[in-house]
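Subject: Structure handover and notes

Dear colleague,

Here is the structure I promised to pass on to you.

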Amino acid sequence: MPAPPLLPDPTLLAGGAAGPRALRPLLDTVLTALAEGAAARCGPLPAGGPEAVTRRLLERCGPALPAHGTGAHDALHSLVGALAEGAADPADPHCAAHLHCPPLAVAAAADLAAAALNPSLDSWDQAPAASALERHLTSALAELVHPEGPAPDALVTSGGTEANLLGLLLARERLGPALRIICGANAHHSVHRAAWLLGLPAPTVLPTPRGILDPAAVADALAGLDALRCTTAAPAPALVVGTAGTTDAGAIDPLPALADTVAAHRDHRPTALHIDAAYGGPLLFSAAHRAKLTGLDRADSVTLDLHKLGWQPVAAGLLTVPETATLAPLGQRADYLNAEDDTEAGLPDLLGRSPRTTRRPDILKIAVTLRALGTTGLAALVDATCAAAAELAALIEAEPRLSLHSRPTISTVLFRPADATDEEVADIRRRLLTEGRAVLGRARARGADGRDTLWLKATLLNPHVQPGDLAALRKLVLDLSPPRPKGDQP
Ligand SMILES: *Cc1c(COP(=O)(O)O)cnc(C)c1O
């Protein structure tokens, strides 16, 4: 690797008029290291498993706390290169285990500007334009989710976990500290953790054998809460948590029926509906898929992640609400950030926009993406991704040695070698990982035969995946599958 013509001073700053001049040669080094790392990896993830990956990384990264630095070029080249070589790269069509999206180049470029400018969204004097951009975009995104208002608003979060925590927190503040949570077995684990963090009783978990909540079971659970109180007390408030796009299967709970159930119950007890649409939410952009989210607008709060089906670098989460006043409990005073007289004099008070204090301008990459692609451009990516999942499902259905769990609702395909044992399914996944051939996920789900078994999970999020990539993925699994045709018992 020839040394660059000018060795940049590693103490130069990223901001100011001189910042770009300092950054340009460094970016060159970064981009070269990214390209070299991807070429050296030559696949969706590094081969060899955790020990080999750690060994190669440690060889390249040097001491963790060196007394004397090696300079900006060397540090970027060796560490970025090592990280790229050892990455599970969601831009590779065979990296499809999780809701781990390949970020758009335009969004990653915007994120670089966010890092260089480094606005912090806890006070206006740290983020004058960034905070205005955030207000502009959050209300528009919230309006997409809650078109009927009355005053849609959204908070930018670090992801679905924080958004779910805020959804539960706001429900508790609105409905009272005796709040009870009802969710399905299909709900994300962060709902349970949120209840624990908030000191609420553990959620009532309803079985979801078909992968989605049964509204009749929710109604029964709501009615059953009365058994928990003594006769004189008022009915305990309740929050029903539904999911639009489950992490395991991409299934969508019956949103209109859930909203009806909650509405019918409201006469009897304070009841609210939170929908975790971390995965499925961006279907709203697509005219072809939007109808799957009918009823979402009736939720009292909605979790949305744009670092999944929105192709943003982490982090890009949102919590939307139909009425901005419901966010008031997050308000907080700290004289150095939002003194009352500053607020009265017209400086926007940002501290109530998040439970965090220092906060990145994650809105910038989202705004840049929307401006660059438009909502129709984003919809085209959603449509292409869903079409790729349908295509993979069709390829699996056509192969007698593989079983398909169900046609995908969004972009998750569960499948397994016909008649394989759970151990064999788990082993196939681990072999593909350690050999560096494919990153597939796993999910436990009930099959058509009524048995709960382990499935391989392909979570497609790469809108540029080609039919040939999907056929190759199917072949990777087939080549490791036990040689038994469907129906032949082992
Ligand atoms: C991913 C996911 C979450 C958690 O979101 P993070 O962004 O990882 O914090 C919550 N709920 C669902 C349904 C998810 O898919």
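Is glutamine 312 buried or exposed? In this predicted model, glutamine 312 has a relative accessible area of 3%, and it counts as buried because that value falls under the 20% cut-off. Its place is in the loop between β7 (301-305) and β8 (317-321). If neighbours within four places in sequence are left aside, glutamine 312 is in contact with Cys101, Pro103, Ala107, Leu306, His307, Lys365, Ile366 and Thr369. One of these, cysteine 101, is 211 residues from glutamine 312 in sequence, yet the two C-alpha atoms are 7.5 Å apart in space.

Aspartate 305, which is placed in strand β7, is also worth a look. Its relative accessibility is 1%, and aspartate 305 therefore counts as buried. A polar atom of its side chain lies 3.0 Å from the backbone nitrogen of glycine 160, and the side chain of aspartate 305 also meets that of lysine 308 in a salt bridge, with 3.2 Å from N to O. Lysine 308 is likewise counted as buried, at 13% relative accessibility. Apart from neighbours within four places in sequence, the contacts of aspartate 305 are Gly159, Gly160, Ala277, Ala278, Pro282, Ala316 and Gly317.

As for salt bridges in general, the structure holds 23 of them. In one, the side chains of arginine 353 and aspartate 153 come together at 2.9 Å, N to O. Arginine 353 lies in the loop between α11 (340-344) and α12 (363-397), while aspartate 153 belongs to strand β2 (residues 153-157), so this pair ties together parts that are 200 residues apart in sequence. Both partners are buried, with a relative accessibility of 7% for arginine 353 and 4% for aspartate 153. Another salt bridge joins arginine 172 to glutamate 173, where the closest N and O atoms are 3.0 Å apart; here glutamate 173 is partly exposed, at 41% relative accessible area.

Turning to the overall layout, the domain assignment divides the protein chain into domain 1 (24-62 + 71-87), domain 2 (113-370) and domain 3 (373-481). The centres of domain 2 and domain 3, taken over C-alpha atoms, are separated by 30 Å, and their contact takes 23 residues from domain 2 and 22 residues from domain 3.

How much area do domain 2 and domain 3 bury between them? The value is about 1900 Å², of which 65% is on carbon and sulfur atoms. On the side of domain 2 that touches domain 3, the classes are 12 nonpolar, eight polar and three charged residues.

Terms used
Residues numbered from 1 in each chain as written. Predicted model: local features only at pLDDT ≥ 70, side-chain atom pairs only at ≥ 80, totals over all residues. Heavy atoms only, no water. Salt bridge = Lys/Arg side-chain N within 4 Å of Asp/Glu carboxyl O. Helix = DSSP H or I, 4+ residues; strand = E, 2+ residues; numbered from the N terminus. Buried < 20%, exposed > 50% of the residue type's maximum accessible area, 1.4 Å probe, protein only. Domains from an automatic or database assignment. Contact = heavy atoms within 4.5 Å. Buried area = accessible area lost by both parts, 1.4 Å probe. Nonpolar A, V, L, I, M, F, W, Y, C, P; charged D, E, K, R; others polar. Polar contact = N/O pair within 3.5 Å; in protein donor to acceptor, adjacent residues only side chain to side chain.
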